[in-house]
Each structure stands twice: as C-alpha cells, then as structure tokens.
Amino acid sequence: MKQKEVLWNKNFVIACIANFFTACSFNLLMPTIPLYLTEVLSIESSKMGIILSSYAFALLLIRPFSGFLVDLYPRKMLYLLGITCFMAVFFGYYFAVTVGFFVILRFVHGLFWGLATVSSNTVAIDIIPPTRRAEGIGYFGVNMNLAMAIAPFFAIEIYEEHGFSFLISVALVLGALAILVVCFIKVPKRELIEKKQPISFDRFLLVKAIPILFNQIFITFGWGTLAAYAVLYGIESGLQNAGLFFLFLAAGIIVSRIASGRLVDKGHIHQVIIFAVAVVTISFVSFALIHTVYAYNISAFFIGVGYGTLLPALQTIYIEMAPASKRGTANSTYLTGFDLGIGIGMLVGASIAAAWGYENMYLITAALCFIGLLFYLFSSRNIYEKYRLR
C-alpha cells in the first residue's frame, strides 16, 4: 500500500501562517473603511462604492501580469517584494482624509495585494503534494477565507474602541509578521520559463478557462456585497453586534473544510461545487428576507459553508486545466475572477442599496448566484472536463 504523502510539512505550515497574517492585515480595513467614510468623513454612498471597489479594479490590472512574472522569476522573491510593498502602503492611511486620496491609496494597495496573493498561492501549490492538491489548496485557501471573516469582527471592535489610526498600526504589525514568516519558507527548485519565448495572451490569462472566470463573477459578486455592506445592513436592521456576522461566517468556513477537499481529490468536484453554490444561493435569500438576529447569524454560517466549500474547488479547476509551467497564470486567472466578482459587488451593490435598499441588494445577489449555478451546470463543468490535464 502506497504511503500517503505528508501535507502538513514545515513549509506548508509556514506558508499558511504567512498567508493568514497578510490577509488579516488587509481585511481589517474591509468593514471599517465604510464606517470611517460614513461616520468621520461623511462620504455619500455613491462615492463610497468607488472607493471600496478601486482596489479590486487595480487587482484586475495586475493579476495577469503577476501570474506571468511568477512563472518567469523566482516565486519567493516576488512574494517578499509584494508583501513588503503592500505593507508600506498602509502608512498612507494615516493621512487619508479625502475621497481622491482614498481612491488612489486603495488602487495602489490593490496592485501590491495582487502580486502578493498570486505569488503566495503559487508558492503554496509548489509545496503541496500533487496527490493531495485539492485538500491542500482548501486548507491554504481557508486561511484567506478565515481572515476575511475573522479580521472584520476584530477590526470593528478595535475601530470602535481605539479609532482608525490605531487599527492601521495593528495592520502594520501583522504585515511585518507576515514578511518575517515568509523568509523561512523553502520553495522547491523549478525549471523557469525561457524569457525568449514569444509573449502571448495565454501567458497572462488561462484562455481556455475564461468562460469559467465569467461564471465565477456571478457567484463571487456576493462576497463583495458581504465584505462591504453586511455590517451596515445589520445596523440598519436594528441588530446589536452586527460584527458577529463575520464570526459565524468564519465558523461556516471552518466546518466546510472537514470533507470538501478530500471529496474533490476523490473526483467529486462537480457535486461539491453544485452543492456549495446552492447553499450560498438559499442562504442569501434567507439573509435578505428574515430580519432577526438568529436568521442573520445562521445565514452567515451557511454562507460560510457554501463559500468555504466552493472557492478551493474552483481554484482546483483552474490548476488542473494548466500545465505546471503555467501554474502562476492559472492562479492569477482564478484570482482575477474572484476580484472581478468582489469589485463589481462592491461598486454595483452600493448603487443597488442606495436605490432599493440592502434587502433587495441581497435578493439580487441570490439571483446572480442562481444564474451562476445554471451557468456551471450547462457550461463550465463541460469546459473543465474537455480541457483538464489531470
């Protein structure tokens, strides 16, 4: 009997810790910038959507180039460069008091966040044993998902007790810890792409996976509306401790990791994705229509289960459609779809909420998830089966 390859080796543990610290530092700002803009700077909701989405559109510009660079140059070097520059941008938030400055700052932050996340994901996949890839991607990705869920809860507590400037200082400390931890990762040697190869569009985005990327936008739109507006929706609904939403979201993500990665590795990827999108869709309907503290938090839990199950499985699809030499490109394509969904969710969500309220915004979110499910059933899964390499 062949011995099972070790997933939780020293390098993988270090990569997970670094990813968690980096993601926490960034996600401390996700729920608090809307509060700061509303409460301190008195910014109207239409302008707030532009500020919140500016970083996501910077990601769209940098992701394809990040994937190309990560396949071309040493990945650890680019990882360190990305998170160091990413951390340095935090100093700008001490001086951000106008809409224009916030838009520029978020845009620049998005550029370095894009490089850091593409390189970190690709380094992790280099470390993960091939026979446990989906499981490993799931556990590595859950660090990002948990940070996106836990950090906002603590961010609200810190913001309310100590203010926005102190929150930025906490983010800087977490970023510095991430840089320190990354220094200890040992990345396997690999054969680099010849720099003289002709430049083609497929070096920047995984062309055959673009229909899946569009499918992903419909589903991840909801993560953008959650990250930016879940707390404001809770406050508007008269709920105390609306930040608890993110703890229940985190709990759902943790529960989702129990079996979903192993099911994907055993060949059940389609069933896993269909189940996950269905859960997210139903949970958004509940989130929109039932206005009690119990429904609010239970919906958060099941949204966490759905997204925690879905996102690693989606990333596995991209990885399995690309050769090892284009692993960075595959990761950047997956992350581009994620960023597009989030960015559009933040930008369009603000306009929908301003016109029809948060309840209708989340009903529309549920409808888009359902469209995404139909898209997957009748298109994306067939494209994956046609072009998969593993």
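What radius of gyration would a compact globule with 390 residues have, and what does the protein have? The rule puts such a globule near 21 Å, and the protein has 20 Å, which agrees. Here the radius is taken over C-alpha atoms, and the globule rule is 2.2 Å times the number of residues to the power 0.38.

Before you start clicking, two notes. You are looking at a predicted model, in which local features need pLDDT of at least 70 and side-chain atom pairs count only at pLDDT 80 or more, while totals for chains, interfaces and linings use all residues. Residues are numbered from 1 along each chain as its sequence is written, and side-chain values use heavy atoms, with hydrogens and water left out.

**Stop 1: the whole chain.** Colour by accessibility next: 59% of the 390 residues are buried, meaning under 20% relative accessible area with a 1.4 Å probe, protein chains only. Of the contacts between residues at least 6 apart in sequence, 88% join residues at least 24 apart, where contact means heavy atoms within 4.5 Å.

**Stop 2: a helix pair.** Select 210-236 for helix α8 and 269-289 for helix α11; they pack at about 30°, with axes 12 Å apart. Axes are lines fitted to C-alpha atoms over the stretch in contact, and angles run from 0 to 180 degrees between N-to-C directions. That angle makes α8 roughly parallel to α11, a term for angles under 35 degrees. Now show side chains: α8 contributes Ile219, Gly222, Leu226, Ala230 and Tyr233, and α11 contributes Val277, Phe284, Phe287 and Ala288. By class, this contact has 8 nonpolar, 1 polar and no charged residues.

Stop 3: Is threonine 281 buried or exposed? Threonine 281 is buried, at a relative accessible area of 10%. Leaving aside residues up to four places away in sequence, threonine 281 touches Ala366, Cys369 and Phe370.

Notes:
Helix = DSSP H or I, 4+ residues; strand = E, 2+ residues; numbered from the N terminus. Parallel < 35°, antiparallel > 145°, perpendicular 65-115°, else oblique. Nonpolar A, V, L, I, M, F, W, Y, C, P; charged D, E, K, R; others polar. Buried < 20%, exposed > 50% of the residue type's maximum accessible area, 1.4 Å probe, protein only.
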